[in-house]
Amino acid sequence: MKTSVPGPRSQELTKQLGEIQNVGAINFFCNYEESRGNYLVDVDGNRMLDIYTQISSIPIGYNHPALLKLMANPNNLSTFVNRPALGILPPENFPDKLTESLLSVAPSGMTRVQTMACGSCSNENAYKAMFIWYRNKERGHNTPSDEDLSTCMINQAPGCPDLSILSFMGGFHGRTMGCLATTHSKAIHKLDVPSFDWPIAPFPRLQYPLEEFTRENAQEEARCLEEVEDLIVKWRQKGNPVAGIVIEPIQAEGGDNHASPNFFRSLRNIARKFLTTPCSRPASGLGSTAPETRNLNDLQAMNMVSRVHGVLLGGCGDRSIRFRPALVFKEYHAHIFLNMFNDVLAQHK
């Protein structure tokens, strides 16, 4: 570490950028050309061990040679330069490319893929698909009526129906308008933004160690599942039926909260019983689904970023730290971090 963070050059660039856009989310400016593997370098020459990896979006580290080679391959230039709008004019090799890339590493049983730009837009389209499926099921066919077509243009029913999505307290699913209605991890995400009247169920708060609280945790999960059923019934009675459920298998932004496999199996059974269209999403998203960025003074105080020792970490809920190391993270990187973290904790005793 050569300077405090943000250093003089970062502060200068932040002021310069502030003349043309909002800079409230910026921590510091980076020198990506000098960044390698697990280490991020800022414009002031500070080299930091990055255990957050741009909120899990740099899975094989900075400037990985294989990726650089891929980007430099002239056979791939057309893909980078000529992106088809909305995907309605794909190139000739698109089916083969998807099969060779995404589908080749898809989980067992997953045979279809829809490409999107980021986590929020993926969820937004999943939500729309749930609503469309629900309405088609209600109609018994796929053809909307003339009334559907006319009323949807003025945001009224039946074309724009009163439907809802059930989500869970502590969940994070994005910050675009629809996704934000199902995000409940931090107030700063939602403050001052209008939202929908959609139900919010409690996520289980398990006690640890798990083996010592088997009975209590089973009761907690049963309580949450009962609340899910009650909310589905309540929203149906108030004329705003639940068309789908969205849940993080492991809540990340909300505090690294887990539930048992039995909880998710039971939730799926509830969805099949009431909705037959459950929806789940991974614990972390990309792009616009990033958590809010705090200034470095706050991060320093909360042990998320240590400006003395040069480590980048992420916050997780109210009192947890989130580790998102790259796949190239080695055992010696872990030792480096643990030594630094020990020093930080010693200073805060």
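A: A salt bridge is a side-chain nitrogen of Lys or Arg within 4 Å of a carboxyl oxygen of Asp or Glu. The structure above is a predicted model, and a search of the whole of it finds 10 salt bridges.

Q: What can side chains of opposite charge do when their charged atoms come close?

A: They can pair. One case here is arginine 139 with aspartate 148, whose side chains meet in a salt bridge at 3.4 Å, N to O.

Q: Are arginine 139 and aspartate 148 buried, partly exposed or exposed?

A: Buried means under 20% relative accessible area, and exposed means over 50%. Arginine 139 has 24% relative accessibility, so this residue counts as partly exposed. Aspartate 148 has 7%, so this residue counts as buried.

Q: Which residues are linked in a network of salt bridges?

A: The network links Arg135, Glu138, Arg139 and Asp148.

Q: Where in the chain do lysine 186 and glutamate 253 lie?

A: The side chains of lysine 186 and glutamate 253 meet in a salt bridge of 3.1 Å, N to O. This pair links distant parts of the chain, 67 residues apart: lysine 186 is in the loop between α8 (177-180) and α9 (187-190), and glutamate 253 is in the loop between β5 (242-247) and α11 (261-274). Both lysine 186 and glutamate 253 are buried.

Q: With which residue does aspartate 197 form a salt bridge?

A: The partner is lysine 238, with 3.1 Å between the closest N and O atoms. Here too the pair links distant parts of the chain, 41 residues apart: aspartate 197 is in the loop between α9 and β4 (200-201), and lysine 238 is in the loop between α10 (214-237) and β5. Aspartate 197 is partly exposed at 42% relative accessibility, and lysine 238 is partly exposed with a relative accessible area of 42%.

Q: Over the face of which residue does lysine 238 lie?

A: Lysine 238 lies over the face of tryptophan 235, 4.1 Å from the ring centre. In another case, arginine 47 lies over the face of tyrosine 39, at 3.9 Å from the ring centre.

Q: How many aromatic pairs does a search of the whole structure find?

A: The search finds 9 aromatic pairs. Planes over 60 degrees apart count as edge-to-face. The rings of phenylalanine 323 and phenylalanine 337 have their planes at 80° and their centres 5.2 Å apart, so this pair is edge-to-face. Phenylalanine 323 is in the loop between β10 (320-322) and α13 (331-347), while phenylalanine 337 is in helix α13. Phenylalanine 323 is partly exposed at 35%, whereas phenylalanine 337 is buried at 6%.

Q: Which residues form one aromatic cluster?

A: Phe168, Phe203, Phe263 and Phe264 form one cluster.

Methods. Residues numbered from 1 in each chain as written. Predicted model: local features only at pLDDT ≥ 70, side-chain atom pairs only at ≥ 80, totals over all residues. Heavy atoms only, no water. Buried < 20%, exposed > 50% of the residue type's maximum accessible area, 1.4 Å probe, protein only. Helix = DSSP H or I, 4+ residues; strand = E, 2+ residues; numbered from the N terminus. Phe/Tyr/Trp six-rings, centres within 6.5 Å; stacked < 30°, edge-to-face > 60°. Lys NZ or Arg CZ within 6 Å of the ring centre and 35° of its normal.
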